[in-house]
Amino acid sequence: MNIKLIKQNEKKIEEDIEIVLIKNLKKVDKKDKEVLKSIDFTKTSKKTFLLLASKKLYVHCRIFKGEELKVLLSNIIRELKQYKFKSIKIALVQENKELSIKDICEGLILGSYVYERYKTKKTNVKCNIFIDIKASKKELKRLELEFKNTRIITSSVNMVRDIVNTTAEDYTPETMSEDARKIAKENDLTCKIYGEDYLQENNMHTMLAVGRASRHESKLIHLHYKPKSKALGKVILVGKGLTYDSGGLSLKPTSGMINMKLDKGGGSAVLGVMNSLRELNYPYEVHGIIGAVENMIGGDAFKPGDVLYAKNKVSIEVRNTDAEGRLVLADCLCYAQDEIKDIDYIFDVATLTGACITALGTYSTGIMGHSDKLKNKMRKASFNSGELVAELPFNSYLKPIINSKIADISNSTGSAGGASILAALFLDRFIKEENKNKWLHLDIAGPSYAESPWGYNSYGATGAGVRLILEFINNLKK
Ligand code: BES
Ligand code: ZN
Ligand code: ZN
């Protein structure tokens, strides 16, 4: 899909169909107005009306911004795509101060995403969309910038969707490393990729253990974005990049395994953010660190009952090999804080626990951490980006539950309840004292993958995390 912003009457567009967004009947073509009036269009609950004679689809919007508009446009573009239109014009005939080009664009671009790599017959047709706006010269400049930035962000979201939708056979830690290298090259980032020898030399035994039974070598990916001007601060993103999670010897049932290519959702979101920063020209230094690992079974697999030592020497009793994400993240968090000094923010992003879906539903990211101020900042980013978040709170009674009888801590506590918070409290043991209030854990197990379509997400990967984190970083300069 090709999408362009045009100024009213500037260019003659030969569109197959025109979508006219209206709040009321003001400024609607005279003839059409009579028809719309006769059916009480703007007074009924009906949202769309097709006027074949004038090749126009009238859309009644309550407001020209927000999630409601995104979902509405997403539904409309999906419907129209079935008719294989080659050129669609979106007309905004009524002037409105609240008009959000960002929301219109997100609805259209995210809503029209399809993943057809494994379909032998492709159905997706190339389509040009023109957004025809009425605005003053000054206003147009602002809208054009908003439009450009939204295109950068949404194309990264769709890139992440492609990555996460790719099967584990086709997407291994090596593939993720290649993607990281490509993103680095295209965006002028530095990129370091470390294999198992490095992990061994640097005592990253918990990450190594998880990938031991896989035929694919585990990779630690480190991308680094430096703004051209002096950086205003430093943000670290650590992503869980489990290219497949079979559960290991604590094997998942088939039903739980089918979608476990999704377990690279956190790491992929980090790739999506790193892919956007240069073009967005963000003034913050950002490090993206990903533990790309496959959790499999085999004679060499790590076992329930093993004791592992993380990079910071904390000993961990493995009680469940399916709680592998926290083991990979533990070493990656240590690596990040050993290698990078003077951190302002450190976030980990992970499809970490099924319990997060149970607690919050499939639509929200669980946010956990020590600083209320930081959580509030993330809530603000959530509101502006349209990605939902909800806090799962720590408390002093939950804290000791992760203690182990034979080691410092254990990676699973059975049926204690509060499993998502316990996972976060596990990660907390790998956050240095000076970084405690700078850290947030984002559990995207729910929103990263849509088992059935919702909002502007089609079936499969949603690209969760990208818009939220970019919005957070963008808000910092304000
Ligand atoms: N990758 C899963 C979490 C998950 C489940 C993400 C469903 C998305 C959808 C994670 O590695 C896992 O298996 N967690 C276990 C932890 C338990 C063994 C303590 C879980 O949530 O059951
Ligand atoms: Zn698991
Ligand atoms: Zn997992």
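Walk along the chain and the donors of the zinc ion (ligand 3) turn up with the spacing K-x4-D-x17-D-x60-E. Donors here are N, O and S atoms within 2.8 Å of the metal (3.2 Å for Na, K and Ca), and sites may look incomplete because water is not among the atoms. This is a predicted model, where local features need pLDDT of at least 70 and side-chain atom pairs pLDDT 80 or more, while totals for chains, interfaces and linings use all residues. Residues count from 1 along each chain, chains are lettered from A and ligands numbered from 1 in written order, and side-chain values use heavy atoms, without hydrogens or water.

**Zinc ion (ligand 3)**

- Which residues hold the zinc ion (ligand 3)? Its protein donors are Lys 240 through NZ, Asp 245 and Asp 263 through OD, and Glu 324 through OE, and they lie 1.9 to 2.4 Å from the ion.
- The six donor atoms make angles of 77 to 171° at the zinc ion (ligand 3), and the site is octahedral (six donors, opposite ones over 155 degrees apart and all others between 65 and 115; four are tetrahedral if all angles lie between 85 and 135, or square planar by the octahedral rule; anything else is irregular).
- Lys 240 belongs to strand E9 (residues 234-245), whereas Glu 324 sits in the loop between strand E12 (315-317) and helix H11 (325-339), so this pair ties together parts that are 84 residues apart in sequence.

**Zinc ion (ligand 2)**

- The zinc ion (ligand 2) is coordinated by OD of Asp 245, by both O and OD of Asp 322, and by OE of Glu 324, at 2.0 to 2.2 Å.
- Read along the sequence, the donor residues of the zinc ion (ligand 2) have the spacing D-x76-D-x1-E.
- The zinc ion (ligand 2) and the zinc ion (ligand 3) are 3.2 Å apart, with Asp 245 coordinating both.
- Asp 245 in strand E9 and Asp 322 in the loop between E12 and H11 link distant parts of the chain, 77 residues apart.

**Helix H9 and its partners**

- Helices (H or I, at least four residues) and strands (E, at least two) are DSSP runs, numbered from the N terminus.
- Helix H4 (residues 137-165) and helix H9 (residues 265-274) have axes that come within 9 Å and cross at roughly 150° (axes are fitted to C-alpha atoms over the stretch in contact, with N-to-C angles from 0 to 180 degrees).
- That makes H4 roughly antiparallel to H9 (over 145 degrees; under 35 is roughly parallel, 65 to 115 roughly perpendicular, the rest oblique).
- Ser 156, Met 159, Val 160, Ile 163 and Val 164 of H4 make contact (heavy atoms within 4.5 Å) with Gly 265, Ser 268, Ala 269, Leu 271 and Gly 272 of H9.
- Helix H5 (residues 173-187) also packs against H9, at an angle of about 15° and with the axes 10 Å apart.
- That makes H5 roughly parallel to H9.
- From H5, Met 176, Asp 179, Ala 180, Ile 183 and Asn 187 meet Gly 267, Ser 268, Leu 271 and Met 274 in H9.

**Helices H13 and H15**

- Helix H13 (residues 372-385) packs against helix H15 (residues 466-476) at an angle of about 115°, their axes being 8 Å apart.
- H13 and H15 are therefore roughly perpendicular to each other.
- Their contact includes Leu 374, Lys 377 and Met 378 of H13, and Arg 467, Leu 468 and Glu 471 of H15.
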